[in-house]
Amino acid sequence: MQRIDHTLPWSHLGTERTLSVFRFGQGSRKVYIQASLHADELPGMRTAWELKQRLGELEAQGQLKGVIELVPVANPIGLDQHLQSAHMGRFELGSGKNFNRAFHELSAPVAELIGERLGSDAEANVALIRQAMGQVLDQLPAPTSQLQAMHRLLLRHACEADFTLDLHCDFEASIHLYALPQHWPQWQSLAARLKAGVALLCEDSGGSSFDESCSSPWLRLAQRFPHAAIPPANRATTLELGCMGDTRVDQARANCEAILGFLAEQGFIDGHWPAAPDECCEGMPFAGTEYLFAPHHGVVSFLREVGEWVERGDALFEVVNPLTDRVTVVRAGTSGVLFALDRSRYTEPGIWQAKVAGREVIRAGKLTND
Ligand SMILES: [Zn+2]
């Protein structure tokens, strides 16, 4: 194992932050895994530590057949943000920016740099594009903030990968994942191993999230150069590993073994591994996900559990205003998997309370919430 420590620029006087990458194995193929980019989402960090131990063993046994880079603490900035005992890990406090938005768009500068050299040899194109992505990031003007520097370092490591896993979680949720529809056939084994409740598929959710910044440039380049052979070479997913509190040892170990089994299946690890279960969740269009909101302030009582299938019209939660006695029951507007609930039980209009993944497309434009 090799440890690569990047010192982040723009630290406050008297402090220093480091982004640490743990690199296992060797070879031409690469997997990149990071955890807790939203710094208060810790199931991924706990799972990453299991991976760190297991990858160390597998490397010592000579079982690794490619490079696996692991970043268990992807966001040291966000880890340091506490406000009166509450961990504020989703947005950078200084700027208000979501840590998982606005990653650098690589397809346009890569097209400028090497577009004319892309031809019919897919393997050569992949090598050329990866090299150009690195060059584009290396030649950017110096970062103007610590957040920008951190973003670029994460993307710099991930842009050369064949598979990229970004480990997150939701407030109260079943395990679920976000990916490009083109990659869903390959992710099904991982989803089955993780016993995921649903996969949410789209080409562009509108937020330039980390996974899309890794995977989408390949689609955009293929669209821009239709005569060149450009495969979708970086299969990237955001893996939501259940609830905020899902850091139990058995959960982390199960997540770890599911990921290792998947990587073995993809040829990155030798040896005998359990086959993926036959049963796998459905891949739904992310544009079919309904976000449900309360129509007024009040106390929320959820009426259904995460992971359940709900029908359009089913009551999902009620909101009670104890001052006016106003009680509102909020019902599903689409049929699908109730895969996430908010953590807070006091609500106000504008804050989502529940998410239902349906089969029918009901939204367009920007699909992510902030
Ligand atoms: Zn997250």
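Between domain 1 and domain 2, an area of about 1,200 Å² is buried, and carbon and sulfur atoms give 62% of this area; buried area here is the accessible area, with a 1.4 Å probe, that two parts lose on being put together, summed over both. On the domain 1 side, F171, E172 and L200 supply 43% of what that domain buries against domain 2, more than any other three residues.

A word on the basis: this is a predicted model, in which local features need pLDDT of at least 70 and side-chain atom pairs count only at pLDDT 80 or more, while totals for chains, interfaces and linings use all residues. Residues are numbered from 1 along each chain as its sequence is written, and side-chain values use heavy atoms, with hydrogens and water left out.

The domain assignment, which is automatic or from a database, gives domain 1 as 2-281 and domain 2 as 285-358. Their centres, taken over C-alpha atoms, are separated by 30 Å, and 14 residues of domain 1 are in contact (heavy atoms within 4.5 Å) with 15 residues of domain 2.

Turning to charged pairs, there are two salt bridges between domain 1 and domain 2, each defined as a side-chain nitrogen of Lys or Arg within 4 Å of a carboxyl oxygen of Asp or Glu.
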